[in-house]
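Work through the exercises below with the sequence and the 3D structure at hand. Try each task before reading its solution.

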Amino acid sequence: MVEFRGVSKTFDSTEALNDLTLEIRPGEFLTLLGPSGCGKTTTLRLLAGFEEPTSGEIWLAGRPVQGLPAYKRPVNTVFQHYALFPHMTVFDNVAFGLRMKRVPPAEIRRRVAEALELVRLGDLGGRRPHELSGGQQQRVALARALVMEPKVLLLDEPLGALDLQLRRAMQVELRQLQRKLGATFLYVTHDQEEALAMSDRIAVMRDGRVEQVGTPEEVYLRPATRFVAQFLGEANLLEGEGMATGHLRWGDYHLQVNRHLQPGRTTVALRPEQVQVRWPGSTAPPAPAENRVHGIVAERLFVGTGTRLMVEVAGRRLAALLPAGPGPDIGDQVELRFAAEHCVVVAP
Amino acid sequence: MSRRAGWAMLAPTVIWLVALVAAPLVLMLVYSFAARIAPDSPWPQGFTLTHYSRLLDPLYLRIFVRSVVQAGLATFFSLLLGYPLAYYIARSPLRRRGRLLLLVVIPFWTNFLVRTYALMVLMRAQGVINSALMAIGVIDDPLPLLYNEAAVQVGLVYTLLPLLVLPLYANLEKLDDRLLAAAQDLGASPFAAFWSVTWPLSRPGVLVGSMMVFISAFGMFLVPDLMGGARSMMIGNLIQNQFLQARNWPFGAAIALALTGLVLVVALIVQRAGRIDGGEVRR
Amino acid sequence: MKRGGWLRLHAALVYGFLYLPIFLLAILSFNTSRTSAVWKGFTLNWYVRLFHNRLLWEAVENSLIIAAATAVIATVLGTAAALALHRRRIRGRLWIEGLLYVPLVLPDIVLGVGALVLFTALGISLGLGTILAAHVGTSISYVVLVLRARLSDMDERLEEAARDLGATPWQTMRHVTLPLLMPAIIAAVLLSFTLSLDDFILSFFTAGPGSTTLPLRIYGMMKTGLTPEVNALSTIMVLITGIATTLYLRLTENRI
């Protein structure tokens, strides 16, 4: 549906996007994820038509759109702080785009009513934005964009201003809405949990480029680079010497990684929840794991869903996540076990 | 919006401004160098610098200096009276602030002439002050309160005070209370907090207000004309005199341009000063 | 608190300073005595005479006409200019901004004298038209100032949202920008109206015989002798200003 071909964008002397190449498939929920300044909002704005690329092309539904002003593009945006017209009622806000296209009044009434029903705000047509709660305003913004039936719906961190509970609920709702409509959503966020929960695919961005694109599982379990490994959730980074046998020489250990390793400096990522912990008194039967290391518990934090341990091994620290329940104390000697298949080689 | 539409929207304004602001200034420049004006046409002829050199004549220099002094004093007194007032209003509870501001805005919007006149009614020979003093028996003859430089000064401060209070208030109102709280949390007494936090942060407002008062006072015509005597002539009066009575337009133009030059210099200085301090403070 | 007490006292004294002359003036306007400030008896004589002063009414009429025309012209021109300058790349922007700045900084007397020179050099005879031209010339800058302040406060996302939903630049301006600017436009109209009504110096130099404005008339009355009619007139003007200002501030307060 959408293709960014070698798109670069420079503002004054800052390069916001550097040779960005990305494809968005019809009917998919693609999230641009990254820290502030990585260029994700710029990418969105380029597609919306609020900025023009310095170089490169943007294709939408088989036609190039760079150079086309925003009001002529068949995409619509849900803005971060909603940007609802304060001097219009909810109904007028949602009807705005249709009125600009000179859609007949009867059809406007029907489509606006449908859109408001879709976001479950059916009764609030007569209210003004300032009379609504944050969540309700956000839905009006959503309805206003959806009623236009855009080829791509652009969402710029729409849930940022909501509190946690509401945000979680809205994440589910947005996802269900997207599936129900079969629409293409391009979503921008810096919240990796949000991205993992909602997306069909995630494009992790950094410094104006896409570091990795893939399904949430791919991006989380098989991060391609160090940055992606650390940005999504927590990762242990094991740096050592790769050996042609598929081992990583790490400290005194030869860790089995079973991947094709280039000899030389190699970094391997390992998720804390993939690390099993055996301590004096642990009762759970061990799962098969090729790698075993020994260390001493340095820190212990209760994080609600489990216990996070920092273990000193061979002069370095590894993080391990224990499910809720009993566990070792600080100072205990423990054995850490992890499987080779959970070790992912990442680019530095 | 297309570029042409943008220009079309700007054009009438630009034309009007060029015609009524830029062109007159250029014309006056031409006049100020004119050697003579032909009797039949208004256009200037010849070239001379005498009008400008005349400005250095002690007679005119005295007027110039007097204007600077009057304007400077007026600015000083306005600050003295106006800053605490602006501060008081800015610190007042929200509901009262509206009314307090209104009480400053009303004199501000009241006709300049009317206000000057009110002051004159108070101060003239048969005015309220003199009548009251004579009635009590403190004096036998009326005091010459009007028609001197002191009277002009009072008139300047009286009419220009609101001009300082309003922008100063706008600035003080935006000051973040939390900064003061932080200062006091760190051990500053109320006075120290004022001196090290409020005063520096209110400087943009002080500069803007002072500049407006100074420039208005400097080029003032009405107050010295109505309340001043023959010996309290200021630049404004001199310009009016040259244009309408002495009919010496070239010289008048030279004075007006000298006034313009000085005003622009003051404005530039204030702009620079504002920038060094980091510009406006916003919450 | 002690400090608060001093501030309040100071404020009271300054307010007293500002209002005392006006109050006394109002009281004297009912005084039977022609010249003295000593109270000789109550009368409405001066107000009556004011009412019958034909020259005065002519001046009022002139002032109102000029003020209304100035308000309309300056606001239309100034609004268009402010919108054109808003977030758009204009070549020569610096010159235009400078030009707009000049009337705000220069003392009115320079502008007045300049206008006089201009009209005389071009052979244009002085009258209501020249007064109007001068008033508009200075008012535009104030209008642009007021509007640009409001424009920069306005959320630019709203205009973007309109474009995103398919509104052409013209439609965006009509349906979003201008409605949101309305409070500022009204303020600009009132501002330029008041500035024109109040103006003395510009009118002083650009008025011709028979085209007197109210301030000029008052000045004339003051120069020929401080008759109590001026007291009465002044009192009325203060009253009108007071009421108008209060109404205006109440209106804008409620809007927010």
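**Exercise 1: chain contacts**

Of the two pairs of chains that touch, chains B and C have the most contacts (C-beta atoms, placed from the backbone, within 7 Å). This is a predicted model: local features need pLDDT of at least 70, side-chain atom pairs count only at pLDDT 80 or more, and totals for chains, interfaces and linings use all residues. Residues are numbered from 1 along each chain as its sequence is written, while chains are lettered from A and ligands numbered from 1 in the order in which they are written.

Task: How many residues does each chain bring to the contact of B and C?

Solution. Step 1: chain B gives 67 residues and chain C gives 68 residues. Step 2: helix 1 (residues 3–32) of chain B supplies the largest share of the chain B side, 17 residues. Helices here are DSSP runs of H or I with at least four residues, and strands are runs of E with at least two, numbered from the N terminus.

**Exercise 2: two helices**

Task: At what angle do the axes of helix 12 of chain B and helix 5 of chain C cross?

Solution. Step 1: the axes of helix 12 (residues 235–245) of chain B and helix 5 (residues 108–121) of chain C cross at roughly 10° and come within 11 Å. Axes are lines fitted to C-alpha atoms over the stretch in contact, with angles from 0 to 180 degrees between N-to-C directions. Step 2: the two helices are therefore roughly parallel (under 35 degrees). Step 3: Gly236(B), Ile239(B) and Phe243(B) meet Ile109(C), Val113(C) and Leu116(C) in this contact.

Key. Parallel < 35°, antiparallel > 145°, perpendicular 65-115°, else oblique.
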